[in-house]
Amino acid sequence: METAFYIAAAIAVLSTIMVITRYNLMHALLYLVVSLLSVAVILYLYGAPFMAALEVIIYAGAIMVLIIFFVMMLNLGSEADREERLWLKPRIWVIPAALCAVLLGELVYLVLAPHHAAAGIEVVPPKAVGMALFGPYLLAVELTGMLLMAGIVGAYHLGRKKAKTLHRFLENSAS
């Protein structure tokens, strides 16, 4: 189990460094997904399979799709179209795919291998997590939802193309 942790941690560190150092946003997002998947494997190792599943569903799934949606919504122009054609080349996908394959192999091994729970670790059922989120932490969950919505509206307004309009008095003098 210790070896599995070090493999997942090394992939997490490597992919996070790649996120920070990539100039192209889509390349950084690919490595961010790999980083989030490796964190999910680490969570599974520590006896939190529900949190690992939430990590994959919420972060590596929904939020990454949302980020990609907003990148596409900003529509950066013809230069971005040329770069997008370069993303379809296999050489860009090789390293993230290899890291994900290592994580998948590690996860399959962990699921199939018999293991014992570490001392002092108590399994928390999903119902208890839901009761905590929508009980004492309800205000924090709702504020997070409002903050995400404000970010979406802000990204839309920053990214939209504004048509140049002249004031009605200036239109006559311009002709």
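Here are legends for a few close-up views of this predicted model.

**View 1. Ser38 sits in a helix and is buried.** Let's start with Ser38, which is part of helix α2, the stretch covering residues 25-45. Its relative accessible area comes out at 0%, so Ser38 counts as buried, a label for anything under 20%. Who are its neighbours? Leaving aside residues up to four places away in sequence, Ser38 touches Ala8, Ile11, Ala12 and Leu103.

**View 2. Phe5 and Tyr6 make an edge-to-face pair.** The structure has 2 aromatic pairs, and Phe5 with Tyr6 is one of them. Their rings are 5.5 Å apart, centre to centre, with 65° between the planes.

**View 3. Phe5 also pairs with Tyr46.** Here the ring centres are 5.9 Å apart. The planes meet at 80°, which is over 60, so this pair is edge-to-face. It also links distant parts of the chain: Phe5 belongs to helix α1 (residues 2-21), while Tyr46 lies in the loop between α2 and α3 (49-74), and the two are 41 residues apart.

**View 4. Three rings come together in one cluster.**

Key:
Residues numbered from 1 in each chain as written. Predicted model: local features only at pLDDT ≥ 70, side-chain atom pairs only at ≥ 80, totals over all residues. Heavy atoms only, no water. Helix = DSSP H or I, 4+ residues; strand = E, 2+ residues; numbered from the N terminus. Buried < 20%, exposed > 50% of the residue type's maximum accessible area, 1.4 Å probe, protein only. Contact = heavy atoms within 4.5 Å. Phe/Tyr/Trp six-rings, centres within 6.5 Å; stacked < 30°, edge-to-face > 60°.
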